[in-house]
Amino acid sequence: MTKLHKLSGRFLGLIIASGLSATASAQMTINGAGATFPYPIYSKWFDEYAKVDPSVRFNYQSIGSGGGQKQIIAQTVDFGASDGPMSDENLAKAPGKILHIPTVAGADVVTYNLPGSPALKFDADAITGIFLGQIKKWNDPKIAALNAGASLPDQEIVVVHRSDGSGTTYIWTDYLSKISAEWKQKVGTNTSVNWPTGLGGKGNEGVAGQVKQTPGAIGYVELIYAIQNKMPYADVKNSAGKFVKPSVESITAAMATAQIPEDFRFSMTNAPGNDSYPIAGATWLLVYEQQKDAAKGKKLVEFLKWALTKGEDMAKNLDYAPLPADLRERVLKRVDEIKM
Amino acid sequence: MPIAVAPERPAVRSTIDRMAPPSGLGDKVFKWFTLAMALAVVALVFLVGWQLARGSSLAIHRFGFHFLATSTWDPVAEQFGALPFIYGTAVSSLIALIIAVPLSIATAVYLTELAPLWIRQPIVSLIEMLAAIPSVILGLWGIFVMIPWLRDHPFPFLKKIFGWTPFFSGPIYGVSMLAGGIIIAVMILPIITSVSREILRSVPNLQREAAYALGATRWEVTRIAVLSYAKKGLFGAVILGLGRALGETMAVTMVIGNTPQIRASLFAPGYTLASVIANEFTEATTDVYLQALFEIGLVLFGITILANLLAQLLLKTMGSTIKSGAVQ
Amino acid sequence: MKNSHLWRKTKSALASAASFVCALLVIAPLALVFLHLLRSGASAVNWSFFTELPKPVGVAGGGMVNAIAGSFELLGLAALVGVPVGVFGGVYLAEYGTVRGNWLLRFVADVLNGVPSIIWGVVVYGLVVLRFKSFSAYAGGLALGFIMIPLIMRTTEEVLLLVPAGYREASLALGISRWKTIVHIVMKTAIKGIVTAILLALARVAGETAPLLFTAFGNRFWNHDLSEPIAALPLQIFSYAISPYDDWHRQAWAGALVLVVMIFFVNILVRFLTRERVARVL
């Protein structure tokens, strides 16, 4: 036993030492946590920014938007990130004023599994009907009327929704609540809701997987997931009565026409304008207006300015919608007001 | 000592106690040290219980016992009831045990008593290695490989044969309570197998030799000398598996369908307590909502206690019907 | 016929065959998962996987060296907590205590074993992270260590109980003190079982994601301070597995593959090291 003790002790020492010896020289680390949706682009930004300013490392972990909000309130991180704006109630819990910095936007797309993957169109009625469980078959007249050319089978519709709390669900239910009084009254808007029908999949991956695996399934996922998984996604009728294909352009168009208040806590679902895709939403970084640590605060502001200019230009390649130019200007001005 | 296996153990213990009453300083220090370590589990239970209770006090106050008896889970209206999750946890764990226990104990028997020597160690290492697969990976495998296969082959077959019972009726989506139970079974197979094997291996060879000397066949030796000797230890292994089954989260969430409903059909989607915590904890932002999730944690804690109590009770009745000497 | 030798022989053969089939059934799903990992991840397991930091999306290659080292550091910290408490707690259960008291302790340990791992993350978050206002490797190690305790304790107890009483009696009869008997005779005899218990517990926590999310937190870079957030293989696998990109999926599968193979090697290594010292039963 004692021999084993010595042995395991030596083993542990070795492990810990090997971890420590490989570390680089001391650097400032700025920690952030929150939304999963922007994780790819944020990690890209932070890797690129390490080349711009090697004296600072940004470490971002995707623990969920709710987690991001909680951590920034608890001050366990230097910045938070969220797919939905913080509520007044939560802002009041924070020890200081929290600024919302919109960074990029994304869209929820309607994806489905039908033989031949026909291109489909949906409007508000069809989508709410399906997700309320009132439209049960693919050849329902409400769907058929919108898709004259497509061959719709006499097949049960299997609804797949997110089971985990998510910004994706928030955008989806926010849209449905805006276009349907019945949805608003029966279900409402939240990161998770009491679904009237359907199966729950965990994460965008889970929903994409279930839709792919289940004939007759319909679900909503982030645009990037539909593109990367090569899944079909539908055009959706916007508030101007036009059918719009979800794309980086139609999301930015929606952001350009959306009403954006001074604190940048805005919803851009069902935005006006001919080119606006109606089921879209922005994602935010959350930072304290009054920074506790002057050195970190300075680096954070420098980074934010870089992200809102150089960083925004990288968004499109990763299928994220960048902010429209005038919104960028407004946000940059606000970043300048961060106090050290 | 309920899980003690040798029938004569209590007597032996008292013999040992008589032979060497803890006397010297070293003995005292060692005994108190091990006691302190053992008491750590009590401290941990209080820690967990206290954190959960503190986190859910508001919800407990607001929903009372209705929380356990209602089925609505509506974060928007802030109405929360845990019944479908309780049901889902119980059923999925039960399915998992029904599948995993016979398989793993038989495997353990094979590995200790029957398999050729050279093959034993590789299989054991393999099984232990697979215990390390992150459950999110297992879950993704479940969705992309296991579910389509289950949906196309075993499920329709089950429906054809047992479709007349309520348990195997209704539409087949693939994701379902049964799929959840199966993935939990996969997850608890390694732990039950490894612990059972360790138990069987520790059965003194004298037991086997005695039985062989009486002319018993290999199986009779296993059954009479080994299995009955190690029965209580094996039960301990099953309990460890049950504990893991109840708390299993990520992989189950991927395949169970996450629908808070109570259906007799095992083909229908379900939901478990651990899954709803994993699904919604990171995104819940309002106080009542978070508190309700903490209360779910508390309920799961309660269920675990109940399940273990039940298991102990079973063990007691089982022990009394077999006259292996009242170990309790 | 029923009691004839032939019938008993046949029954024995049947039982052997049945248990062999069961063993195959246990290996089957597990082997399938492993094959799937191989197919999806093996192509991303190369030299740079073990030597480089993660690359941003769109840049091919990159590795998880920081996460591999981080996982070992976390497991080391977890073992510092879980092994002494678990093993010596198990000793108490097997060698001391009263019937009733031990029943209770055992019961409590079994209950703990069923606490979902995410709850442990939340508990340690409240205990450590909120208090020190910082995610850290210590917090992650503590969470994993807590999970290991009941597992190691119960398995250790089971294997110690199966050491024949005669060993203890013989040692005590020679005038060796009780505690020395336990350490040098009982624990030494059962060392392989104890090591298995520790390994099982390590294998179980090595793949845990949920308890690390709110404690160790993760890190895309090197960490040089255990009181700072640290990378862990399961966390890195998790954020890659749920991403939309094929490149990252491959990395996730590769990470999982490396994780299980690492456990395999640790397993083999420890078994090799403890091989000689055991009075083998078979």
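Chain C has an average pLDDT of 87, and 96% of its residues score at least 70. Within this chain, confidence is highest in helix H3 (residues 65-95), with a mean of 95, and lowest in helix H12 (residues 246-274), with a mean of 83. Helices (H or I, at least four residues) and strands (E, at least two) are DSSP runs, numbered from the N terminus. Next, select residues 277-282 of chain C, where the pLDDT is below 50. Beyond near neighbours in sequence, this stretch makes six contacts in the model; two residues are in contact if their C-beta atoms, placed from the backbone, lie within 7 Å.

This is a predicted model, in which local features need pLDDT of at least 70 and side-chain atom pairs count only at pLDDT 80 or more, whereas totals for chains, interfaces and linings use all residues. Residues are numbered from 1 along each chain as its sequence is written, while chains are lettered from A and ligands numbered from 1 in the order in which they are written. For the complex, the predictor gives an ipTM of 0.85 and a pTM of 0.85.

Now display chains A and B together. Their contact takes 30 residues from chain A and 25 residues from chain B. On the chain B side, E1, helix H6 (135-152), H11 and H12 each supply at least two residues. H6(B) gives the most, with five residues. By class, this side of chain B has 13 nonpolar residues (Ala, Val, Leu, Ile, Met, Phe, Trp, Tyr, Cys and Pro), three charged (Asp, Glu, Lys and Arg) and nine polar (the others, Gly among them).

Remain on chain B and select B:Glu78, in the loop between strand E1 (73-74) and strand E2 (79-80). Its phi is positive, about 55°, although it is not a glycine. Most residues other than glycine have a negative phi. B:Glu78 is partly exposed, with 16 other C-beta atoms within 10 Å; a residue is buried at 20 or more such atoms, exposed at 12 or fewer, and partly exposed in between, with C-beta atoms placed from the backbone.

Finally, select helix H2 (residues 39-52) of chain A. Its buried residues include A:Tyr39, A:Trp45 and A:Phe46. The buried residues of H2(A) pack against strand E2 (56-61), strand E4 (98-112) and helix H12 (294-315) of chain A, together with helix H11 (233-241) of chain C.

Conventions. pLDDT is the predictor's confidence in each residue, from 0 to 100.
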